[in-house]
2 protein chains.
Amino acid sequence: MSVEGLSINLATVSRQFGFAAAVDACLAQGVTAIAPWRDQVEAIGLGEAARIVKANGLRVTGYCRGGMFPAADKTGLAAAIGDNKRAIDEAAALGADCLVMVVGGLAEKSKDIAAARAMVADGLAAVLPYARACKVPLAIEPLHPMYAADRACVNTLEQALDLCDALGAGVGVAIDVYHTWWDPKIRPQIARAGRKRQILAHHICDWLTPTRDLLLDRGMMGDGVIDLKQFRADIEKAGFHGPQEVEIFSSENWWKRPGEEVIATCIERYRTVC
Amino acid sequence: MSVEGLSINLATVSRQFGFAAAVDACLAQGVTAIAPWRDQVEAIGLGEAARIVKANGLRVTGYCRGGMFPAADKTGLAAAIGDNKRAIDEAAALGADCLVMVVGGLAEKSKDIAAARAMVADGLAAVLPYARACKVPLAIEPLHPMYAADRACVNTLEQALDLCDALGAGVGVAIDVYHTWWDPKIRPQIARAGRKRQILAHHICDWLTPTRDLLLDRGMMGDGVIDLKQFRADIEKAGFHGPQEVEIFSSENWWKRPGEEVIATCIERYRTVC
């Protein structure tokens with residue numbers, strides 16, 4: 001039985017499975033959409049990963065990840081741009097719906113977040129022509145403000161959409177409920193994104209109370225406080241009907257359970273609370 | 001020697017000192033502005049706390065805290081309103097510049113953040129006439145989005161100022177660099193707050209990278225990534241020249257050190273990096 005509309009971001013089972021085993025485990029339960037990470041693809045080889053995707057008719061709802069632009073100097077920024085072009089090549093080889101852009105935080109030893117944001121805009125502008133040529137949409141993912149220093153200085157959907165508007169065609173957003181659920185402007189900004197067809201991905205998990213770790217304590221859908229049905233309704237109303245992609249980093253809970261159980265739980269929660 | 005322009009929020013030394021000892025330690029190093037918490041005042045008694053404030057000519061830059069409005073039912077909201085009126089009485093007795101409002105997160109078992117925000121607006125409107133009569137300004141403190149579920153569903157300065165504008169006279173904002181440094185709109189919103197004289201308090205500390213605990217790992221000024229001098233310049237440009245109030249919750253570092261050392265470090269950092 002196929003599970004329509006659900007994608008598993010392979011980070012969710014990254015401690016249990018490599019790329020091939022993760023795909024097998026997804027297919028065994030009817031999940032035919034995935035989102036892999038670069039390290040997972042590198043471990044098996046890009047050619048083999050692309051072969052597995054094609055042979056099984058998998059949808060790749062996103063490739064994780066490009067970005068990480070802010071650098072201490074021009075050499076660093078140039079290196080980041082080069083690395084992003086390689087990520088675009090890989091995303092193209094996998095036929096991914098988009099390359100997810102986690103744009104990067106402050107440059108090393110810097111306290112200048114405005115400068116980091118300017119480097120992000122410059123970096124995105126530098127890789128965008130290449131992405132367009134490769135037909136790989138770039139999905140800017142606004143991350144929760146608690147990651148502004150070390151992971152992404154794009155922290156609201158409004159900010160991401162302003163950046164998209166400035167950059168033009170070929171760039172949109174990945175909306176992750178974990179990063180954006182708190183935002184008082186999230187609903188009108190989702191509607192705004194819909195009007196320009198800028199929604200490229202919809203990531204789900206849940207916000208636990210209390211949250212015990214800033215990075216590795218994401219919750220399974222239904223275990224936290226996010227109104228996932230409302231989010232889905234808003235995103236579908238905005239015109240995005242792609243799969244909901246489960247992305248859970250959970251060092252003390254889900255990463256310690258059998259991968260099959262994690263996937264089964266994702267499916268069950270997807271059907272009941274999302 | 002007096003330390004002009006610096007206030008110590010007594011949470012910063014709450015594990016070392018009660019109210020009276022904290023005041024003595026501040027005065028010994030020339031600090032004449034403080035911000036106490038309700039539990040600290042209750043422990044010594046409101047009358048005695050007010051006597052100490054008056055006898056020493058202390059400035060009370062804020063009283064912590066009112067708020068926590070969202071409740072499961074009307075009885076709960078009514079109780080919160082009653083408790084806020086008592087907090088207003090106490091703030092008046094202490095001659096505090098403002099009552100800091102940490103507005104509260106989701107109601108118990110609720111996933112409806114819009115409803116929580118509506119209850120906050122209703123709760124503030126319900127206590128505001130009393131606050132005005134007592135001449136106690138209410139300072140809405142937008143908290144970092146990582147506290148949206150359990151502490152405060154007002155999470156950006158823009159949102160807080162929209163609320164202030166709707167409520168009218170007698171309410172403003174407490175701007176804490178820890179909660180707001182990441183916000184791409186912080187600088188224009190500080191300027192906006194200045195135009196209506198809505199800035200009532202300026203709290204400082206620093207954002208550590210990595211941050212090891214969502215609540216109790218705030219950094220001493222200079223140990224993190226926040227551009228404190230820029231913040232101060234923006235806030236002063238907006239017309240607020242009150243003391244900068246140090247508020248550090250630090251279970252593994254500053255709360256374990258001698259209180260005198262903590263205060264001395266606050267003074268040194270205030271003079272060098274703020």
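Two residues are in contact when they have heavy atoms within 4.5 Å of each other. Keep that in mind as we walk through this predicted model, where local features need pLDDT of at least 70, side-chain atom pairs count only at pLDDT 80 or more, and totals for chains, interfaces and linings use all residues. Residues are numbered from 1 along each chain as its sequence is written, chains are lettered from A and ligands numbered from 1 in the order in which they are written, and side-chain values use heavy atoms, with hydrogens and water left out.

Let's start where the chains meet. Of the interface residues of chain B, 100% are also interface residues in chain A, so the copies meet through the same surface.

The contact draws 30 residues from chain B and 30 residues from chain A. Together they bury about 2300 Å², with carbon and sulfur atoms giving 67%; buried area is the accessible area (1.4 Å probe) that two parts lose on being put together, summed over both. Lys111(B), Trp182(B) and Leu214(B) supply 25% of the area that chain B buries against chain A, more than any other three residues.

Charges meet here too. The interface of chain B and chain A has two salt bridges, each a side-chain nitrogen of Lys or Arg within 4 Å of a carboxyl oxygen of Asp or Glu. Lys185(B) pairs in this way with Glu158(A), their closest N and O atoms being 3.2 Å apart.

Now look inside chain B, at Thr61(B). Why does Thr61(B) count as buried? Its relative accessibility is 4%, and buried means under 20% relative accessible area, with over 50% exposed and partly exposed in between (1.4 Å probe, protein chains only).
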